Amino acid sequence: MDFSDILASSIHDIKNSLGLILSSVDELVNDPNNKIADVRQASLLQHEAQRANNNLIQLLTLYKIGNQQLAARVAEQNLEDFLDEVIANNSALCESLNIQLSSDCDPDLNGYFDADLIRSVLDSTIGNAHRYAKTEIQVNATEEDGYLVIRVEDDGGGFPDSLSGLLKNMAKQPQESQAPGRTQLGLFFATSIAELHQNNGKRGRIELKNGHRLPGGCFELWLP
Amino acid sequence: MANDFSDKSFLVVDDFPDMRSAIRHLLRSLGVSTLEQARDGQEAIAQLTRTSFDVILCDYNLGPGKDGQQVLEEARHRQLIGVNTIFIMITAENTREMVMSAIEYSPDSYLAKPFTKELLRTRLTKLFAAKANLAEVNKALIAKDYAAAISELDRLIAAKPKNLSELIRTKTDILLTAKRYEEAKKIFEDVLGARDLPWARLGLGKVYFWQKKYPLAQEVFEHIVGLDANMIAAYDWLAKTQTALKQFTAAEKTIQSAARLSPRGLPRQQLLGELALSNGNTHDAELAFGRAVALAKHSVLNHPSLFAGLAKSKSANGKHAEALKVVADIGKTFANGQEAELYAATATATVKKDQGDMEGAAAALKAAEESMQQMATTRHSSKVTLEMAKTYAQLGEQKKAEKLIHEAIANNHDEEELLMEVVQVCRDADLDYDAETAIREIQQAVVKTNNEGVRLIKQGQFEAAIQLLSGAADEMPGNKTINLNAAKAIIMKMESMGATADDITAVRHFIERVRDLDPNDWRLGDVISRLRQLATGAS
């Protein structure tokens, strides 16, 4: 057993503990009989625990990609149904942070991807957007140029210039990037997952831009 | 309220008390009031035997004993849960691959840990809606009335709903079960015209396989494996096709790859063991059967043939003492079953022969014969017949082996997979028996009888037709098709001339025979529903 295996197995353990912490905090926050002096504090606890959990899942997933143990299990998904679940999964947290989370897509739009993997990319992207959004986060999906494009947009200050140019070559060498640590892991993760999706010689990618539908940052997932 | 689950019953299965309580709290907050829990697979099965649930939330990892997949397998196999039960498998990222690669029995939904209350609510609401949407289809499927299921699906498809492609996929599954291959093929080709989807390509391959266009099937399955090296179902079908093409070494290699990708599939390990043993790769056979026996420990699919396979492989590798120990385990694992006794005896006979103890081998063979005779009063499966034939052949009893093989062919003249096994048994045993010619002759004889029966019915000579087909059925009581044809002849007579109590009894007799052989035979539904109509009309 080498060190990375040991790391992976303890990350798995930590993640399970965090999962239980999260569900306890969730009960605590949602129980009206609990007198929490500062509700925002509890929400913050929830938010950070969720982020830590997402990060651990990303690490484990990347570990498996690195060991070639992970393949995308592509299946047809209805985007409206899928985004409903993504919104549901993140709504409680957004509410407690006073951020409005919504989705928008054509009810008949279908796409082909691994729902688990893409969901974890979107969860962590939304988790990231929490920190920058002022009042609103929107997740939307469309079909463009033969790709399915899923966007996570916020109405915050947008991505710094250093990030948008970075994406071209970061996929294989995340260590060369200038982005702060957490974002770096998140983007590397998103890129790796996007690239697992291939169809007809085309491969998935991510793009970052500012001011698409909402004025702030816009994370784009392009899936073939 | 749309999201109220208060009238639904839930079973939560997890070995971890904190996780059970977390899920329990979560469900309570969704309004669930009927909620049971189980802490391992055995407890879950015990609960399912007693009560039926609307939803089962089951973790894949349940500690020692059965895993979540084995719980699902046993629940479906023993029909403890029906099509209306929602089974949700809870996975962690380290069990994802194992769970997703299980193809024999798949749950209604997967839920990756951790999940929030809102996600569970959304998922449950959709799953309930989907079950309600398919209620009529499922009702028809339970009655094995495939025509009704398909016309209901067509009605749903015509509305072009969001889940259109899921409905289309369900429809092709049913078409394949009902052996309506050309219709299924047309749909697969249409789907593939729009996008290269693995499920449609796999379906197309299956159509070719069932239509016996083996080289075309092989091409399709090889193509899928080339595109996606992780699609295990394609390996399984490729191996089947290679077996049909008598490429036994290639088939073993293919199934070896699949077993490497998904090592927890029991039928796959057994198949690998059988192929390896008959190809003379006794070391690989021992490994595969060893894994199969270990996997089967907590599985409802555990079977004495796995132990017999392991014993024979060990014996072939010169480990006679170990082999006999495995044989002894058969008696310990399967309490007093004739089938277990038979496999213990045939395995013993093989081991003794390998040891050079011909007297011991003959004694074991005699014990096997006795078990089989006792089973004959109830029924013995064609697998048992073939096992016995193999053993006879190994010990030089050619004539007896040939007689059994002839019986197996006669009872299964249109069961391609079993016939392939027959051919393989003859090859392995070096029997001087031309199985392929025998198969052809029997098939021709059956077709001739059938055509004659159909001709007589068309001419209105019902009695003559019934006499002919009933006679054939009594000659081959183990042949499902022939028994069904006899039943249908009597039904057609009643449909044209009115029902009588005697005729209804006669039909039931044939139906019982078929049901005994295979309660899930795809043609039973039609015959039973036609009989029911006649019976209600008569009373």
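Predicted model: local features only at pLDDT ≥ 70, side-chain atom pairs only at ≥ 80, totals over all residues.
Visitor: Where in chain B is Asp59(B) found?

Guide: Asp59(B) belongs to strand β3 of chain B, which covers residues 55-59.

Visitor: Is Asp59(B) buried or exposed?

Guide: Asp59(B) is buried, because 24 other C-beta atoms lie within 10 Å and the cut-off for buried is 20 or more.

Visitor: What does UniProt list for Asp59(B)?

Guide: An unreviewed UniProt entry lists Asp59(B) under "modified residue: 4-aspartylphosphate".

Visitor: What is the mean pLDDT of chain B?

Guide: The mean for chain B is 89, and 96% of its residues reach 70 or more.

Visitor: And what are the ipTM and pTM of the model?

Guide: The model has an ipTM of 0.80 and a pTM of 0.82.

Visitor: Changing topic: how many residues does the contact take from chain A and from chain B?

Guide: Chain A gives 28 residues to the contact and chain B gives 25 residues.

Visitor: Which elements give two or more residues to the side of chain A that touches chain B?

Guide: They are α1 (3-30), α2 (39-66), β1 (75-78) and α3 (79-96) of chain A. The largest share of that side, eight residues, is from α1(A).

Visitor: How do the residues of that side of chain A divide into nonpolar, polar and charged?

Guide: On the side of chain A that touches chain B, eight residues are nonpolar, 11 are polar and nine are charged.

Visitor: Now the sheet in chain A. What is the order of the strands?

Guide: The order in chain A is β2-β4-β5-β9-β8, five strands in an open sheet with mixed pairing.

Visitor: Which are the edge strands?

Guide: β2 (100-104) and β8 (205-210) of chain A are the edge strands, and each pairs on one side only. From one strand to the next, the twist averages 15°.

Visitor: How many bridges join β4 to β5 in chain A?

Guide: Eight bridges join β4(A), residues 136-144, to β5(A), residues 147-154, and the two run antiparallel. Ala141(A) stands opposite Ile150(A) of β5(A).

Visitor: Which helix packs on the sheet?

Guide: Helix α4 of chain A, residues 115-129, packs on the sheet and touches β4, β5 and β9 (217-223) of chain A. The direction of α4(A) makes about 25° with that of β5(A).

Terms used: Residues numbered from 1 in each chain as written. Chains lettered and ligands numbered in written order. UniProt positions renumbered as here; feature names shortened; annotations may be inferred. Helix = DSSP H or I, 4+ residues; strand = E, 2+ residues; numbered from the N terminus. Buried ≥ 20, exposed ≤ 12 C-beta atoms within 10 Å, placed from the backbone. pLDDT = per-residue confidence, 0-100. Contact = placed C-beta atoms within 7 Å. Nonpolar A, V, L, I, M, F, W, Y, C, P; charged D, E, K, R; others polar. Pairing = 2+ DSSP bridges. Axes fitted to C-alpha atoms, helices over the stretch in contact; angles between N-to-C directions.
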